[in-house]
Amino acid sequence: MSVTSPAEREELNRLLIQTGRNDQKAFAELYKRTSSKLFGVCLRMLRDRSEAEEVLQETYTTVWRRAAGFDAAKASAITWLITLSRNKAIDRLRQHREELMDDPSKLEQTVDDQPTPAVDAETSQEYGRLQKCLDALEPQQRDSVREAFFTGATYNELATRSKVPLGTMKSWIRRSLMQLRVCLEQ
Amino acid sequence: MNTPADEGNDNLRYAEYVLGVLDADARAAVAQEVQTTDEAAAAVALWQRRLMPLTEQIASVVPAPYVWARIRDDLQLDVPAATVRAQPGKGLWNNLALWHWLGLGASAVAVALLVVIALPHREAAPVTAETTPVKASAGYMVSTIQQDNGVTGWTATMDLDRSRMVVVPAAPAPLASGRAPELWLIPAGGKPISVAMIKRDAPTTITLDPSLLAKLGPTAALAVSVEPIGGSPTGQPTGAVIAKGSISGSTEVHDHVVRVATTLGATTSRKSV
């Protein structure tokens, strides 16, 4: 299932709007089409199946309750959905942060490997542009941005994992974000 | 065009929020701003648009069917569980579509046959339905546990040789939160005996103790009542009985199972891939 084609995006927008009108069938269809993407995102961040399932469940119950507030002019449905699931996953990670920080061996284990490319490799134009801009960053900084995005780690955690001072990590990420912004606006 | 010099601290905070590097307090502060000011909401939305395409790199993973069942339960929806495609590639046992089909469309006999095929056999014989004769002395009993509206809630298959019962949900109605279904055996003229708490979104496998096993038979019935999550506190049903079914079975069922297994074995194994 691809969520990147323009036609599919339109359909997802429509389904989310219908969901906002309490249309249960649309909601079920939306779940069917998007849950595996969102579950992939949750699993990637939480690295624990049952936690990812709980966050996925929370995400969709929130979708049902908040869908009426979705505005297709501001964001596409898939971006809205992925953002919601990432936010919930990050909140969950922050809850666990202290126990992780207490046990540095656990932190080591969470160091992310390189992201696996999507299997169907069918990616959007936006993805292509972002990738080009990421490629223009210094390798170490690019890796930190990716790791931050895919694992939801805090500055502190990223610094520990990369064994650099906190200030260095902050300036890497901030500089990267500014560069990305400029690059994407060209 | 904006240059990096225009990038204020605020805008960076929004970017950091979307990237996910802020600690809990800083995150909460930005989330609060997004709720209350349009500028913050717009800046965050812009960064989401910029960064979210990265998620295209993440491979999709189909969640287990019970996640959807839980969502339905939480929200008390009436759309059927089977609206959502079951997880592929995990074998027959986790194929909710198949269970659903069995529960709704097929006879309890078909469920029994599936138990024969799907459960690991004590004997190490290879489980190929076409060729493996089911142990000759095997006895099965089955029950279709119907709800008041006539819709099958669960199907129960009792495997007497292995002292095991498998209860498969078909289309159980939603329950209030904090409530769970409990299965009871009701001997003819006797009081209900608690069998087990059963699941609404996945098959429940129950080991039957000998005293329970002895009471199974065509004169007994199965019933499901609504109880607190941990089960009835009194040992007798305390909530409404929502579904009932008589028990039928033994030899004719068994012979039929073997016949159906022979013909259906190929079909079900194809379905499972």
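Biologist: How many residues does the contact take from chain A and from chain B?

Modeller: This is a predicted model. Contact here means heavy atoms within 4.5 Å. On that rule, the contact takes 49 residues from chain B and 66 residues from chain A.

Biologist: How much area do chain A and chain B bury between them?

Modeller: Carbon and sulfur atoms carry 64% of the buried area. The total for chain A and chain B is about 5,500 Å².

Biologist: How many salt bridges are there between chain A and chain B, and which residue forms one with R27(B)?

Modeller: The count between the two chains is three salt bridges. A salt bridge needs a side-chain nitrogen of Lys or Arg within 4 Å of a carboxyl oxygen of Asp or Glu. For R27(B), the closest N and O atoms are 3.4 Å apart, and its partner is D91(A).

Biologist: How many residue pairs are in polar contact across the interface, and which helix of chain A gives the most to the side that touches chain B?

Modeller: The rule finds 20 residue pairs in polar contact across the interface of chain A and chain B, both residues at pLDDT 80 or more. Several helices of chain A supply at least two residues each to that side, including helix 3 (49-66), helix 7 (139-151) and helix 9 (166-185). The most, 14 residues, comes from helix 2 of chain A.

Biologist: How do the residues on the side of chain A that touches chain B divide by class?

Modeller: Charged residues number 19 on this side of chain A. The side also has 16 polar residues and 31 nonpolar.

Biologist: What is the volume of the largest pocket, and which helix gives the largest share of its lining?

Modeller: The largest pocket has a volume of about 940 Å³. Its lining has 26 residues, with R66(A), W80(A), V34(B), Q35(B) and Q48(B) nearest the centre. Two or more lining residues come from each of helix 2 (24-36) and helix 3 (38-51) of chain B and helix 4 (77-102) of chain A. The largest share, seven residues, belongs to helix 4 of chain A.

Biologist: Which helix gives the largest share of the lining of the second largest pocket?

Modeller: The second largest pocket has a volume of about 680 Å³. It is lined by 33 residues, and those closest to its centre are A69(B), R70(B), D73(B), R200(B) and D201(B). Helix 5 (96-104) and strand 4 (179-186) of chain B each supply at least two lining residues. The largest share, five residues, comes from helix 4 of chain B.

How values were computed
Residues numbered from 1 in each chain as written. Chains lettered and ligands numbered in written order. Predicted model: local features only at pLDDT ≥ 70, side-chain atom pairs only at ≥ 80, totals over all residues. Heavy atoms only, no water. 1 Å grid on protein atoms, 1.4 Å probe; cavity = no way out; pocket = protein on both sides within 12 Å on 5 of 7 lines; lining within 4 Å. Points joined across faces, edges and corners; volume = space filled by probe spheres on them. Helix = DSSP H or I, 4+ residues; strand = E, 2+ residues; numbered from the N terminus. Buried area = accessible area lost by both parts, 1.4 Å probe. Polar contact = N/O pair within 3.5 Å; in protein donor to acceptor, adjacent residues only side chain to side chain. Nonpolar A, V, L, I, M, F, W, Y, C, P; charged D, E, K, R; others polar.
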